[in-house]
Amino acid sequence: MILSTNHLTKAFGVTEILTDVSFHLEAKEKVALVGANGAGKTTLFHILRGRCPADGGSLYIQKGLVIGYLPQTAELVSDERIEDELLKVFEPLKRMEEKMRRLEERMKEDPSPELMEQYARLQSSYERQDGYSYRSRVRGVLKGLGFTENEYALPITYLSGGQKSRVALSKLLLQKPDLLLLDEPTNHLDIEAIQWLEDYLSSFSGAALIISHDRYFLDKICTRTIELERGVTHLYSGNYSFYVQEKEARTKAALREYEAQQAEIKRQEEIIAKLRSFSQEKFIKRAQSREKVLERMDILEKPITYEDAMHFTFKPQILSGEDVLTAHELAKSFETKPLFHHLNFLIRRGEKIALLGANGTGKSTLFKMIMGQEKADSGQLLRGVKVYPGYYDQEQQNLSGEKTVLEEICDAYPRMTLGQVRNVLAAFLFRGDDVFKPIRALSGGEKARVSLCKIMLSESNFLLLDEPTNHLDILSREVLENNLLGYQGTLFFISHDRYFINRVANKIFVLTPDGIEVYLGNYDEYLAHLQEEKETRVSAAPPKSGVEKNAYLQKKQSAAALRKLRAQVRAAESAIQEQEEAIQSLEEAMLKPENYQNAAAYRELEEKKAEASEKLELLYQEWEEASRDLEEAEKTENA
């Protein structure tokens with residue numbers, strides 16, 4: 001055990017932040033710290049690193065334990081270049097290098113045994129500390145966290161906040177402390193950099209306590225989860241997915257206990273009221289006795305459930321045409337820096353598409369072009385019939401800092417009454433005086449909720465969401481996911497939240513400088529496709545002998561047949577989903593008064609539904625045949 005806390009408490013003024021924090025950490029283990037925004041996770045980190053004293057309880061830290069801390073917002077102030085700043089971590093090795101060079105110069109003139117022995121000892125120590133590899137380690141970490149070689153010499157003074165956070169993370173990883181305290185380490189990383197960090201932390205020899213809203217990341221790294229809720233820690237002996245399942249079971253059990261206790265309290269209060277109504281001393285004494293029992297009762301708090309989170313529904317006002325957006329030979333550059341060219345794609349009604357790509361490839365720029373906020377250098381963007389987009393900007397530039405939350409919504413939707421606006425804001429957790437907060441004073445999560453509120457009210461049928469889960473806590477992310485899964489419009493979104501992508505997307509667009517690569521399915525299916533492509537490239541190495549050549553050709557043909565069958569299955573699944581959505585749309589149309597009260601219109605819809613149902617049956621047959629052929633082919637391949 002390297003660290004433990006026992007009943008830690010902390011309050012700021014009359015506000016209690018931590019009321020009972022108890023847990024321990026062991027060497028080498030990686031632990032997730034989860035909880036809603038404002039639960040006190042960052043405050044706990046400050047206590048663990050000695051920057052903020054606890055009010056009560058005890059804290060044990062192993063003697064000599066080196067703790068490294070990464071804050072959400074970079075605190076890095078330096079006039080150095082990026083690479084030089086990281087090399088500061090290895091100042092002792094650099095001094096040893098200088099001493100070795102001086103000894104080398106002296107040995108040229110005086111190769112005495114004493115100097116040679118001194119040099120040998122110094123060189124041995126240098127080797128033990130990996131002195132010959134530290135420069136390559138610096139470059140490896142920089143490359144892994146998304147810096148290009150051209151950026152190594154950039155002065156830190158001129159970096160963005162996100163770049164400074166990446167430099168701070170790089171420096172921390174190179175220091176190799178015994179315990180890492182990481183507060184949202186993936187916030188400013190693209191997916192490739194997050195995957196690199198996952199691999200790094202998995203092999204990291206120290207321990208780590210990680211605050212993150214990236215559930216995919218927590219699943220990959222952490223073997224234990226600590227939840228901080230209402231100032232109290234709850235321990236779960238598994239990763240995030242285990243925590244979700246166990247948390248649900250515990251919440252249901254706690255809710256049953258709470259409801260049973262509330263029912264008992266109500267029963268006792270009714271008995272007390274009845275006894276007092278008799279106005280006789282013996283009955284009053286009995287009532288007082290029961291009141292004392294109630295006063296001594298340990299009243300349970302109601303468990304936090306989805307009822308305590310945001311509750312809203314994205315609902316398009318009207319259906320768009322079948323083709324929502326078409327891009328033809330789209331290109332965009334900024335001054336001398338080209339972003340992309342030859343962009344060609346089609347987005348159809350009902351699709352939920354995730355746009356992936358490394359940082360700087362132009363994903364946000366593409367969204368701004370779709371919204372008319374940026375102009376293309378060449379090519380066309382054609383919007384379909386009755387397409388009404390709603391745009392969520394990750395920088396929240398659609399919000400006015402001088403307005404209050406209430407004014408922001410009232411000004412955007414002047415036809416709504418004050419009562420209607422307040423009811424909607426309450427659904428997004430702005431209650432009481434919260435609605436009078438100025439936008440500029442809101443946290444990132446609060447601004448995100450205001451933006452989501454505006455988009456919901458727009459009743460758009462084409463949502464463009466740029467990093468919608470940034471700043472949202474895990475519970476809010478799950479509420480957003482559930483809403484988007486039931487959304488009947490078209491969704492196009494940018495996200496680094498792989499858990500979110502995996503749940504919501506049914507198609508993946510990967511933006512590259514040379515165009516768009518399209519993959520059917522969610523994030524896991526996309527990864528499987530990449531792995532398949534990688535295996536195909538490896539197996540495509542040219543054979544040497546005739547026997548090898550025949551085996552190679554057979555393997556190549558088999559792999560090609562498998563790829564074709566898998567593509568057929570994916571295409572059939574996509575077509576089935578589209579057809580089921582079309583039938584659902586027809587059924588909804590049949591329930592509208594203007595249609596079921598009109599015999600001709602209703603009959604036409606019935607005929608269309610019958611045709612669509614027949615087509616769906618054929619699609620299911622095609623899918624069953626393709627799935628059966630694929631299963632047989634895979635068995636043959638594995639044999």
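The crossing of helix 3 and helix 4 is left-handed, meaning that the near helix is turned anticlockwise from the far one by less than a right angle. Helices (H or I, at least four residues) and strands (E, at least two) are DSSP runs, numbered from the N terminus. The model is predicted: local features need pLDDT of at least 70, side-chain atom pairs count only at pLDDT 80 or more, and totals for chains, interfaces and linings use all residues. Residues are numbered from 1 along each chain as its sequence is written, and side-chain values use heavy atoms, without hydrogens and water.

Helix 3 (residues 91–109) packs with helix 4 (residues 113–128) at an angle of about 155 degrees, their axes being 10 Å apart. Helix 3 is therefore roughly antiparallel to helix 4 (angles over 145 degrees count as such). Axes are lines fitted to C-alpha atoms, for helices over the stretch in contact, and angles run from 0 to 180 degrees between N-to-C directions.

The sheet is open, with 3 strands in the order 11-10-13 and antiparallel pairing. Two strands pair if DSSP finds at least two bridges between them.

| Edge strand | Residues |
|---|---|
| strand 11 | 337–348 |
| strand 13 | 378–383 |

Each edge strand pairs on one side only. From one strand to the next, the twist averages 15 degrees. Strand 10 (residues 323–334) pairs with strand 13 over 5 bridges in the antiparallel sense; leucine 381 in strand 13 is the bridge partner of alanine 327. Helix 11 (residues 363–370) packs on the sheet and touches strand 10, strand 11 and strand 13 (contact means heavy atoms within 4.5 Å). The direction of helix 11 makes about 125 degrees with that of strand 10.

Key:
Angles under 35 degrees count as roughly parallel, over 145 as roughly antiparallel, 65 to 115 as roughly perpendicular and the rest as oblique.
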